[in-house]
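Welcome! Have a go at each task before reading its solution.

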Amino acid sequence: ESHGVPKDIDSVILLRDQELFTHSDAALEVLGDLDGVISGLWGLKVIPQAIRDMGYALVAKSRFMLLGHSSISEAADEFIKARLIDTWEPDPNDPLHTCGS
């Protein structure tokens, strides 16, 4: 556990100014920081969190189909890796590995 977050959490996590964001809150906070029209998606925070998190889970389950797949080690440079708390990736050959996507 780091910053009070369980190791088995299945979500993107954003730690900003000692405030922790997970699931749809984290995704929308990141989108709100981007330039352009996409930052307007931050306004989806008016939707109740339980409903947003259901949408987050749906996108998470189908993300590889929607967006393709690349791992951190293939796509990120050292600057990005240095900003991540955890860059662990599951071994797809591990019999204990289960993937909902």
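## Exercise 1: Ser 11

In this predicted model, Ser 11 has a relative accessible area of 16%, so Ser 11 is buried.

**Task.** Find where Ser 11 sits and which residues Ser 11 touches, leaving out residues up to four places away in sequence.

**Solution.** 
1. Start with the place: Ser 11 belongs to the segment before β1.
2. Next, look for neighbours: Ser 11 touches Thr 22, His 23 and Tyr 56, with residues up to four places away in sequence not counted.
3. Now follow the side chain of Ser 11. At 2.6 Å, this side chain reaches the backbone nitrogen of His 23.
4. The side chain of Ser 11 also makes a polar contact with the side chain of Tyr 56, at 3.5 Å.

## Exercise 2: Helix α1

**Task.** Which residues of helix α1 are buried, and what covers them?

**Solution.** 
1. Locate helix α1 at residues 23–33.
2. Pick out the buried residues of α1: Ser 24, Asp 25, Ala 26, Leu 28 and Glu 29.
3. Look at what lies over these buried residues: the cover includes β1 (13–16), β2 (19–22) and α2 (49–61).

## Exercise 3: Ile 47

**Solution.** 
1. Go to the loop between α1 and α2, where Ile 47 is found.
2. Check the relative accessible area: the value is 31%, so Ile 47 is partly exposed.

Technical notes. Residues numbered from 1 in each chain as written. Predicted model: local features only at pLDDT ≥ 70, side-chain atom pairs only at ≥ 80, totals over all residues. Heavy atoms only, no water. Buried < 20%, exposed > 50% of the residue type's maximum accessible area, 1.4 Å probe, protein only. Helix = DSSP H or I, 4+ residues; strand = E, 2+ residues; numbered from the N terminus. Contact = heavy atoms within 4.5 Å. Polar contact = N/O pair within 3.5 Å; in protein donor to acceptor, adjacent residues only side chain to side chain.
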